[in-house]
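Hi,

Here is the structure I promised to pass along.

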Amino acid sequence: MTAIAVYPGSFDPVTNGHLDIIERSAKVFDKVVVAVLHNRNKVPLFSVEERVAMLKESTAYISNTEVDSFNGLLIDYIREKNARTIVRGLRAVSDFEYEMQAASINRKLDPDIETFFMMTNNQYSYLSSSIVKEVAKYEANVQDLVPASVQKALRQKYSHLTDEK
């Protein structure tokens, strides 16, 4: 039986911290599906299609990954993918409370689905997509925070701010 895990998230945009979790998960599972969530509660900078494209480009070197997107309940998507595991990255203790609640409700919805928590690499413990966007908005260098293609996409998204000066 193939061990398939799903790593869900907004990935708006994908960061080097996300890539760290994807790389490490790919060493543990036979296949990792990186799933971009259509989150109605957030107003993303990048469209779902843009985020999927950035993830595909950023993970192309990891042979056992697949990038996809989904709507609705994560548990339904997990079943659709014939996966048994959800991968979640933890940066700090503050992430744990939310992730514990999510894992608990997912377990209630389907007791056969496990959540696999991975501590992020210390060098990325401060890193979030929100921080990256905030820094990039002010034209700061995000080279060490995101893949090169994402840095370019951020520059393009925020170029109108530079033009208005």
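Where does P13 lie? P13 sits in the loop between strand 1 (4-9) and helix 1 (16-28); helices (H or I, at least four residues) and strands (E, at least two) are DSSP runs, numbered from the N terminus.

Before the rest, some housekeeping. This is a predicted model, in which local features need pLDDT of at least 70 and side-chain atom pairs count only at pLDDT 80 or more, while totals for chains, interfaces and linings use all residues. Residues are numbered from 1 along each chain as its sequence is written, and side-chain values use heavy atoms, with hydrogens and water left out.

Back to that loop. The peptide bond from D12 to P13 is cis, with omega near 5 degrees. F11 is found in the loop between strand 1 and helix 1 too, and its phi is positive, about 50 degrees, although F11 is not a glycine. F11 is also buried, with a relative accessible area of 3%. (Buried means under 20% relative accessible area, exposed over 50%, partly exposed in between, with a 1.4 Å probe and protein chains only.)

F11 turns up again when you look at L55, a residue of helix 2 (residues 48-59). L55 counts as buried at 0% relative accessibility. Leaving aside residues up to four places away in sequence, L55 touches F11, V14, I22, V34, V36 and V67, where contact means heavy atoms within 4.5 Å.

Now the overall picture. The protein has six helices and five strands, and from the N terminus on its elements run β-α-β-α-β-α-β-α-β-α-α. Its radius of gyration is 16 Å, close to the 15 Å that the globule rule gives for 165 residues, so the protein is as compact as a globular protein of that length. That radius is taken over C-alpha atoms, and the rule is 2.2 Å times the number of residues to the power 0.38. Of the 165 residues, 45% count as buried. Among contacts with a separation of 6 or more, 76% come from residues 24 or more positions apart.

Helix 4 (residues 93-109) is worth a click. At 1.5 Å a residue, its 17 residues should span 24 Å, and the end C-alpha atoms are 25 Å apart, which agrees; the expected span is 1.5 Å times one less than the number of residues. Which residues of helix 4 are buried? They are D95, E99, A102, A103 and N106. An α-helix has 3.6 residues a turn, so residues three or four places apart point the same way. The buried residues of helix 4 pack against helix 3 (74-80), strand 4 (85-90) and strand 5 (114-119).

Last stop: the loop between helix 5 (129-137) and helix 6 (148-163), where E139 is found. E139 has a positive phi, near 65 degrees, in a residue other than glycine, and counts as partly exposed at 47% relative accessibility. V142 has its place in the loop between helix 5 and helix 6 as well, but V142 is buried, with a relative accessible area of 2%. Not counting residues up to four places away in sequence, V142 touches V132, V135, A136, Q151 and L154.

Cheers
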